[in-house]
There are 2 protein chains.
Amino acid sequence: MPPSPAIAHVKALTFDVFGTVVDWRSSIIREGRALGARKGLDRDWVAFADDWRGLYQPQLEKVRSGQLGWTKLDDLHRGSLNALLKKHDIRGLSEAEIDDFNRAWHRLDPWPDVVAGLTQLKRKYPLVTLSNGNVSLMMHLARYAGLPWDAILGAEPTRHYKPQPECYRLTAEYLSLPPEQCMLVAAHNSDLVAASKVGYRTAFVPRPTEYGPGQRENLKAEHEFDVVARDFQDLAQQMGC
Amino acid sequence: MPPSPAIAHVKALTFDVFGTVVDWRSSIIREGRALGARKGLDRDWVAFADDWRGLYQPQLEKVRSGQLGWTKLDDLHRGSLNALLKKHDIRGLSEAEIDDFNRAWHRLDPWPDVVAGLTQLKRKYPLVTLSNGNVSLMMHLARYAGLPWDAILGAEPTRHYKPQPECYRLTAEYLSLPPEQCMLVAAHNSDLVAASKVGYRTAFVPRPTEYGPGQRENLKAEHEFDVVARDFQDLAQQMGC
């Protein structure tokens, strides 16, 4: 099926990663349980994972607002982790063990359709990360999960966290493309709306269990996006791959 | 063979690209000849290729010195190309044809040992470009030549052209590694010396015909580098891959 006229000029696909490409929640729960088993810590790792992600936007906001200078996501994650270890009464971990647990974010499993879908899409399009994750995090995650990115861009190389417009605009500039020739693929309505304001084409792929069985947001596309796909393999088909 | 103690702590391999990974000279000559055949232009494409590369360092120096603000290598190449079309009396090309010829730098062939060597090295190490080429150039070149990079770093994301120390230092910072855990692989003594001053480990791989049959520089390692390898497959073996 040839792509529709609205997307015929797309020259590169950019991807949100946490939630869209990888299932961070199940993976962080798994990492927490493994740590708990090793250290004899019987804790609520589901609540721990949700708490950790819950501190994500407030931490990013400190950087966006200028309250905090540029800080990599790895370091923001570590700040949150220090606070949560106290909150959940987790004691007796060495610095090396805490560092390793912080790198759980480098070991997130992709959704089942992702690797096959990206492999199809890569034949026709360069595939580029447009994530708030820092470069080394994204690189390790790609090696862990087998994600065939052509380039790692997004927050760190642009020094702006999404949804700041500079993050999308400067990513297109790195690609030497006008924003209209870039498409963002994401499972979050707000991310796509921010990208489209800069001129990006948009593709929504729902991940209705990203936040667990009780998820109430982002269950479906709430705006007129250029593509709405069931999963990455459906996206590949709709993009004419 | 296990790696020597000096390189046991290396966590990422960074690569010079033009000359070290790809044979730019033969490829540009080939592209020139193809253009000449299409347009009926009988010109000395060997001299043209050497002239084009001859303007490379003077162009970079304009940016390094601050005479010119940050400018992507694609745009510097285009400035040189405009001058050389006049010098070699090449007329009658459309803007689109000149743009396409400028993108000859996105279609450079790898040396014969490169893809097999990188594939071996990638099993153990993240592979990262540390080139003066801009991100989109490097990305297109990787897709053309089948280069399995894990990340594209170097000049554009650091806004400094090699051999400025910031280019090496900030590339290590993107990798979240101290420079001592990064190795630069290059066919040019001066590039390796500049990297080692910042703390990088170094690997020299000779490319004795990069500048054609009469090449007189960089025929061998002229300093005490951590590794001297015949080619990328030998490098993989020496790195314990």
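Biologist: Where does D89(B) lie?
Modeller: D89(B) sits in the loop between α4 (73-87) and α5 (95-102) of chain B. Helices (H or I, at least four residues) and strands (E, at least two) are DSSP runs, numbered from the N terminus. One caveat: this is a predicted model, where local features need pLDDT of at least 70, side-chain atom pairs count only at pLDDT 80 or more, and totals for chains, interfaces and linings use all residues. Residues are numbered from 1 along each chain as its sequence is written, with chains lettered from A and ligands numbered from 1 in the order in which they are written.

Biologist: What is phi of D89(B)?
Modeller: Near 55 degrees, a positive value in a residue other than glycine. Most residues other than glycine have a negative phi.

Biologist: Is D89(B) buried or exposed?
Modeller: D89(B) is exposed, with 8 other C-beta atoms within 10 Å. The cut-offs: buried means 20 or more other C-beta atoms within 10 Å of the residue's own, exposed 12 or fewer, partly exposed in between, with C-beta atoms placed from the backbone.

Biologist: And in chain A, what is phi of R159(A)?
Modeller: Phi is positive there, about 55 degrees, and R159(A) is not a glycine. R159(A) is in the loop between α8 and α9 of chain A. R159(A) is partly exposed, with 13 other C-beta atoms within 10 Å.

Biologist: Which residues does the cis peptide bond in chain A join?
Modeller: K162(A) and P163(A), with omega about 5 degrees. P163(A) is in the loop between α8 and α9 (165-174) of chain A. In chain B, the bond from K162(B) to P163(B) is cis, with omega near 5 degrees. Most peptide bonds are trans.

Biologist: New topic. What is the strand order of the open sheet in chain A?
Modeller: β3-β2-β1-β4-β5-β6, 6 strands with parallel pairing. Two strands pair if DSSP finds at least two bridges between them. The edge strands are β3 and β6 (227-228), each pairing on one side only.

Biologist: How many bridges link β1 and β4 of chain A?
Modeller: 4 bridges, in the parallel sense, between residues 12-15 and residues 182-186. F15(A) stands opposite V185(A) in β4(A).

Biologist: Which strands does α10 of chain A lie across?
Modeller: Helix α10 (residues 189-198) lies across β4 and β5 (201-204), at about 170 degrees to β4(A). Axes are lines fitted to C-alpha atoms, for helices over the stretch in contact, and angles run from 0 to 180 degrees between N-to-C directions. α9(A) lies across β1, β2 (127-131), β3 and β4, at about 150 degrees to β3(A).

Biologist: What about the interface, how many residues of chain A contact chain B?
Modeller: 15 residues of chain A contact 15 of chain B. Contact means C-beta atoms, placed from the backbone, within 7 Å. α7 (135-145), β3 (151-154) and α8 (155-158) of chain A each supply at least two residues of that side. The largest share, 5 residues, comes from α7(A).

Biologist: What rotation superposes chain A on chain B?
Modeller: 180 degrees, with 0.0 Å of shift along the axis and RMSD 0.0 Å. The two copies are thus related as by a two-fold rotation axis. The same surface serves both copies: 100% of the contact residues of chain A recur in chain B.

Notes
Two residues are in contact if their C-beta atoms, placed from the backbone, lie within 7 Å. Copies are superposed by least squares on the C-alpha atoms of residues with pLDDT of at least 70 in both.
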